[in-house]
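Kindly consult the sequence and the coordinates alongside each numbered point.

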Amino acid sequence: MTKFIAALTIAAALLPAGVAARGPDQRFTRDGMTYVYSVSPAAGGRQVIQGRRLPGNSSFRLVVKGNRVAGTSGGQPVSFRVPVAAPAVLAAR
């Protein structure tokens with residue numbers, strides 16, 4: 001589950017500030033689980049990611065500051081570093 005939350009965190013961290021400020025529900029599906037979440041700015045340069053994992057309707061709330069993530073997922077505390085994203089490879093024809 002940490003890999004999925006990390007992917008969610010990286011995706012949210014890469015959003016432009018204007019998108020994060022709007023906070024609309026976003027979603028992605030991985031391994032049969034759908035994650036529905038919103039991202040909102042918080043004091044001190046933090047971002048709050050909160051939403052639900054379906055099926056099961058399990059909630060999560062993560063606070064991202066720099067390269068650290070802390071919060072709860074399914075009622076359990078979580079804390080981890082944001083993995084370094086691999087550099088994008090661009091192909092040209």
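Is Tyr 35 buried or exposed? Tyr 35 is buried, its relative accessible area being 1%; buried denotes under 20% relative accessible area, exposed over 50%, and partly exposed the range in between, with a 1.4 Å probe and protein chains only.

1. Basis of the note. This is a predicted model, in which local features need pLDDT of at least 70 and side-chain atom pairs count only at pLDDT 80 or more, whereas totals for chains, interfaces and linings use all residues. Residues are numbered from 1 along each chain as its sequence is written, and side-chain values use heavy atoms, with hydrogens and water left out.

2. Confidence. The pLDDT, the predictor's confidence in each residue on a scale from 0 to 100, averages 77 over the protein chain, and 65% of the residues score at least 70. Over residues 16–22 the pLDDT is below 50, and this stretch has six contacts in the model beyond near neighbours in sequence; a contact means heavy atoms within 4.5 Å. Where pLDDT is low, the predicted coordinates should not be read in detail.

3. Sheet layout. An open sheet is formed by six strands in the order S1-S2-S3-S4-S5-S6, with antiparallel pairing. The edges are held by strand S1 (26–30) and strand S6 (76–81), each with a single partner strand, so one side of each is left without a neighbour in the sheet. From one strand to the next the twist averages 20 degrees. Strands are DSSP runs (E, at least two residues) numbered from the N terminus, and two strands pair if DSSP finds at least two bridges between them. Axes are lines fitted to C-alpha atoms, and angles run from 0 to 180 degrees between N-to-C directions.

4. Strands S2 to S4. Strand S2 (residues 33–42) is joined to strand S3 (residues 46–54) by nine bridges, in the antiparallel sense; Thr 34 stands opposite Leu 54 in S3. Seven bridges connect S3 with strand S4 (residues 58–65), again antiparallel, and here Ile 49 faces Leu 62 in S4. The hairpin of S3 and S4 has three residues between the strands, and Gly 56 takes a positive phi near 105 degrees in that hairpin.

5. S4 and S5 run antiparallel and are joined by six bridges, with Leu 62 opposite Gly 71 in S5. Their hairpin has two residues between the strands, and Gly 66 takes a positive phi near 65 degrees. Strand S5 (residues 68–73) pairs with S6 in the antiparallel sense over six bridges, and Ala 70 stands opposite Ser 79 in S6. In the hairpin of S5 and S6, with two residues between the strands, Gly 74 has a positive phi near 60 degrees.

6. Aromatic pairs. The structure holds three aromatic pairs. Phe 28 and Tyr 35 have ring centres 5.0 Å apart and planes at 15 degrees, so the pair is stacked. Rings of Phe, Tyr and Trp (its six-membered ring) pair if their centres lie within 6.5 Å; planes under 30 degrees apart count as stacked, over 60 as edge-to-face and the rest as tilted. Phe 28 is partly exposed, with a relative accessible area of 23%. Ring pairs link Phe 28, Tyr 35, Tyr 37 and Phe 60 into a cluster.

7. The loop at Gly 32. Gly 32 lies in the loop between S1 and S2 and is exposed, with a relative accessible area of 59%. Which residues does Gly 32 contact, leaving aside its neighbours within four places in sequence? The contacts are with Leu 54 and Pro 55. The C-alpha atoms of Gly 32 and Leu 54 are separated by 8.7 Å, the two residues being 22 residues apart along the chain.

Conventions. Helix = DSSP H or I, 4+ residues; strand = E, 2+ residues; numbered from the N terminus.
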